[in-house]
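Me: I would like to go through some labels given to this structure and ask what each one rests on. Please set the values against the cut-offs.

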Amino acid sequence: MQPDRIYKILRRVVDGTLPEPHRETVFRWLIHRKDQTEKDRAIQQIWNETSTEADETLEYSLQTVRRRIQSLEQKQPAGFFFPSWLRYAAMILLPLITGLTVWYTVESKYAGAEMIECYVPNGQQQIIQLPDGSHMRVNAGTLVIYPNKFTGNKRTVYLAGEANFSVEKDRKKPFIVRTGGLNVQVLGTKFNVESYPGSGTVITTVEEGSVAVFKENDPTHRVTLQPDDQVIYLPGENRFITSVVDADDYAAWTQGELRFINKSLHEVIATLERRYDIRFRIDKEIESSDLYTMKFKLHETLEDALDVFCQIVGNVTYRKEGQTVRLFRERKEVTP
C-alpha cells in the first residue's frame, strides 16, 4: 500500500473521522505485519504533528500506557508483536492502541465470527441492545466489541472504557465482560465496569444481583460481589481491593451526572476530558496528591463544572483556549 494512503487512513482513525463500518477492517489490518514499516512511519508522523508540550497529565498517561503494553507483551503467545510506535504513543493515540489490543484478543477467540464494534467518542454516550436482549449504556471514550449472535455456552463482550450493564438472565449461558485482564461474570444483574486504558485500575460496582470477578488466567480465585459491593483491581500490583459503596454514585453518569468520591486530580480531569471532549494542561505548581469529592448535575455546562472544580481544588483558576483548558495558580501570569 502507498505510504500516503496509509497515513491518510491512520490519520482518520486518530482523528475519529473514520466511518464505523471501516474500523473493523482497519484494526484487523493493524494487527498483522503487512506494511509494518510504512505504518510505523505514518504513526510517527502523526505523533509529531499532534504532540503538544508535555505536561503532568500527558507524562502520567504515557507512563501508564507503557506499563499496560509491557504487561500485554508478557501475556501474548510466541510470535505476536507490538508495533514500535506503541512505545511512544500516549493519550492522543489511546483509541488506536485500545482498538489494536482489543482486536487482537477478539481475533484469537472468535476467528471467523462476525463481530460488531462500537467506539463512543468523548462528549457522547450510547445505549446498545445486545443479541440476547441485554442492554449496556456505553460512556464516552469507550470501545466495545461483541458478536452479532451469542453462540456456545457463554455470552462474551469486550470492553475498553466504561459501560453500565443490564443483563438478561440465562443460567445456561453466563454473561462475561472481558476487560483489563479480568473476566466479570454474571447470570443476570445490573452492574458498572470502568476500565479505561492507562488508568491503572479496573473498577466493578454491583447495583443488583451478584457478580464474580477473576483474572483471565486464574478463574479459580474469584471475588464475589453483592449489591453495593465494589472491587478495584490494580494490574500493576496484581491485587484486588474490595469495599462497600453507594452503587448509585458510580452509575450516576448514566443519568447525566458526575460524582467523584475521593478521586485524585488526574481521575477527575480524565473524566471531565471525556465528558466535555476537551484537553487539560496543568501548571506544574498545582498539587496533585490530594483526593477530592465533588458532584456535577446534568444541566451544568463546562464553565459551570470548571468554576466548581477550581473552587474545590482551591487557589486554582483556568483559561479556555479552544478545546484546551489551562489550569494554573490564581494571580499567576500565564504566557500563551
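Reply: The answers below concern aromatic rings, charges over rings and strands in a predicted model.

Me: Why is the pair Phe150 and Phe175 called edge-to-face?

Reply: Ring planes over 60 degrees apart count as edge-to-face. The planes of Phe150 and Phe175 stand at 75 degrees, so the pair is edge-to-face, with the ring centres 6.5 Å apart. It is one of six aromatic pairs in the structure.

Me: What makes Phe150 and Phe175 a link between distant parts of the chain?

Reply: Phe150 lies in the loop between strand 4 (142–147) and strand 5 (155–166), while Phe175 belongs to strand 6 (residues 175–179); the two are 25 residues apart. Both Phe150 and Phe175 are buried. Ring pairs also join Phe150 and Phe175 with Phe165 and Phe191 in a cluster.

Me: How do you know that Phe260 and Phe296 form an aromatic pair?

Reply: Ring centres must lie within 6.5 Å for a pair. For Phe260 and Phe296 the distance is 6.1 Å centre to centre, and the 75 degrees between the planes make the pair edge-to-face. Phe260 sits in strand 14 (residues 258–264) and Phe296 in strand 16 (residues 291–296), 36 residues apart. Phe260 and Phe296 are buried.

Me: What makes Arg222 count as sitting over the ring of Phe214?

Reply: The distance part of the rule asks for CZ of Arg within 6 Å of the ring centre. The charged end of Arg222 is 4.2 Å from the centre of the Phe214 ring. Arg275 lies over the face of Tyr276 at 5.5 Å from the ring centre.

Me: Why is strand 7 called mostly covered?

Reply: A residue is buried if its relative accessible area is under 20%. In strand 7 (residues 182–186), five of its five residues are buried. Side chains in a regular strand alternate between the two faces of the sheet. Here Leu182, Val184 and Val186 are on one side, Asn183 and Gln185 on the other, and all are buried, which leaves both faces covered.

Me: How do you know that strand 7 pairs with strand 6 and with strand 10?

Reply: At least two bridges are needed for two strands to pair. Strand 6 and strand 7 have five, in the antiparallel sense, and Thr179 has Leu182 as its bridge partner. These two strands form a hairpin with two residues between them, and Gly180 in the turn has a positive phi of about 55 degrees. Strand 7 and strand 10 (residues 211–215) have four bridges, also antiparallel; there Asn183 is partnered by Phe214.

Note on methods
Residues are numbered from 1 along each chain as its sequence is written. This is a predicted model: local features need pLDDT of at least 70, side-chain atom pairs count only at pLDDT 80 or more; totals for chains, interfaces and linings use all residues. Side-chain values use heavy atoms; hydrogens and water are left out. Rings of Phe, Tyr and Trp (its six-membered ring) pair if their centres lie within 6.5 Å; planes under 30 degrees apart count as stacked, over 60 as edge-to-face and the rest as tilted. Buried means under 20% relative accessible area, exposed over 50%, partly exposed in between (1.4 Å probe, protein chains only). A charge sits over a ring if NZ of Lys or CZ of Arg is within 6 Å of the ring centre and within 35 degrees of the ring normal.
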